[in-house]
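Biologist: I am new to this one. Could you take me through it, question by question?

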Amino acid sequence: MQRRDEQRAAAERAALAGVFGALSLLTLYISAIAPTGRLGLVAAAGIFPAGAVVSGGLSAGFFCYGAAGLLGLLLLPDKASALLYLLLFGLWPMMKSLIEGLRRLALEVLCKLLFLNGVLSLLWFGLQGVFLPFLPAALSQSWMVYLVGNVGFFIYDLGFSKLIAFYTVRVDKVLRKRG
């Protein structure tokens, strides 16, 4: 009986990760066809892997992220949205979970900054053609991209933490009661 319960729980986690992956892909698709707000929509697509991490663990988060990202590369008319998701916003929920598991604030902040600046460097120096359409014209200098990127990411991370807390208290609590 216990084995059957474990199998059912695993199936529920996989199904939930699949639903979150589909929602993430849908948000990515909207970002690819929307005339404005693409960066915000790609960031919003990163919320769904966070839900998968909270409800199903890191493996569910990586499944959601991988499925949405790879399908995005295959299906989206604009591959830039999928790349930004794969390199930053889709990967962030799992990285955040791993980094915040360190439980040492100074080390957490350092790791978050290293992750962000590594991704920004890859986007700025390696994939400028993909990255530049997301940026306002005022951010044409690399130092401005790093400055605004770090400040913006700090604010994004704080808001993201609040969304995860809301999801944990309001949504995941209801999902666990039904399961």
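This is a predicted model: local features need pLDDT of at least 70, side-chain atom pairs count only at pLDDT 80 or more; totals for chains, interfaces and linings use all residues.

Biologist: How many of the 11 residues of helix 5 are buried?

Modeller: Helices are DSSP runs (H or I, at least four residues; strands are E, at least two), numbered from the N terminus. Buried means under 20% relative accessible area, exposed over 50%, and partly exposed in between, with a 1.4 Å probe and protein chains only. Helix 5 covers residues 79-89 and is largely enclosed by the rest of the structure, because the buried count among its 11 residues is 8.

Biologist: Which side chain makes a polar contact with the side chain of S81?

Modeller: A polar contact is a pair of N or O atoms within 3.5 Å; within protein, one must be able to donate a hydrogen and the other to accept it, and residues adjacent in sequence count only if both atoms are side-chain atoms. S81 lies in helix 5. At 3.1 Å, its side-chain partner is S31.

Biologist: Which residue's side-chain oxygen reaches the backbone nitrogen of A80?

Modeller: Look at the start of helix 5. The oxygen comes to within 3.2 Å of that nitrogen, and it belongs to D78.

Biologist: What distance joins the side chains of R38 and D78?

Modeller: R38 is found in helix 2, residues 38-45. R38 counts as buried, because its relative accessibility is 19%. The polar contact between the side chains of R38 and D78 is 2.4 Å.

Biologist: How do helix 5 and helix 7 run relative to each other, parallel or antiparallel?

Modeller: Two packed helices are described by the angle between their axes and the distance between the axes. Axes are lines fitted to C-alpha atoms, for helices over the stretch in contact, and angles run from 0 to 180 degrees between N-to-C directions. Helix 5 and helix 7 pack at about 150°, with axes 10 Å apart. Angles under 35 degrees count as roughly parallel, over 145 as roughly antiparallel, 65 to 115 as roughly perpendicular and the rest as oblique, so helix 5 and helix 7 are roughly antiparallel.

Biologist: How many residues in the contact of helix 5 with helix 7 are nonpolar?

Modeller: Contact means heavy atoms within 4.5 Å. Helix 5 brings L84, L87 and L88, while helix 7 brings F115, L116, V119, L122 and L123. Ala, Val, Leu, Ile, Met, Phe, Trp, Tyr, Cys and Pro count as nonpolar, Asp, Glu, Lys and Arg as charged, and the others, Gly among them, as polar. No residue here is polar, none is charged, and the nonpolar count is 8.

Biologist: At what angle do helix 4 and helix 6 pack?

Modeller: Helix 4 spans residues 58-75 and helix 6 spans residues 92-100. Their axes are 9 Å apart, and the angle is about 155°. That makes helix 4, relative to helix 6, roughly antiparallel.

Biologist: Which residues is V53 in contact with, leaving aside its neighbours within four places in sequence?

Modeller: V53 is found in helix 3, residues 47-56. V53 counts as buried because its relative accessibility is 15%. Its contacts are L58, G61, M94 and S97.

Biologist: Is R103 buried or exposed?

Modeller: R103 sits in the loop between helix 6 and helix 7 (105-126). Its phi is near 60°, a positive value in a residue other than glycine. At 71% relative accessibility, R103 counts as exposed.

How values were computed: Residues are numbered from 1 along each chain as its sequence is written. Side-chain values use heavy atoms; hydrogens and water are left out.
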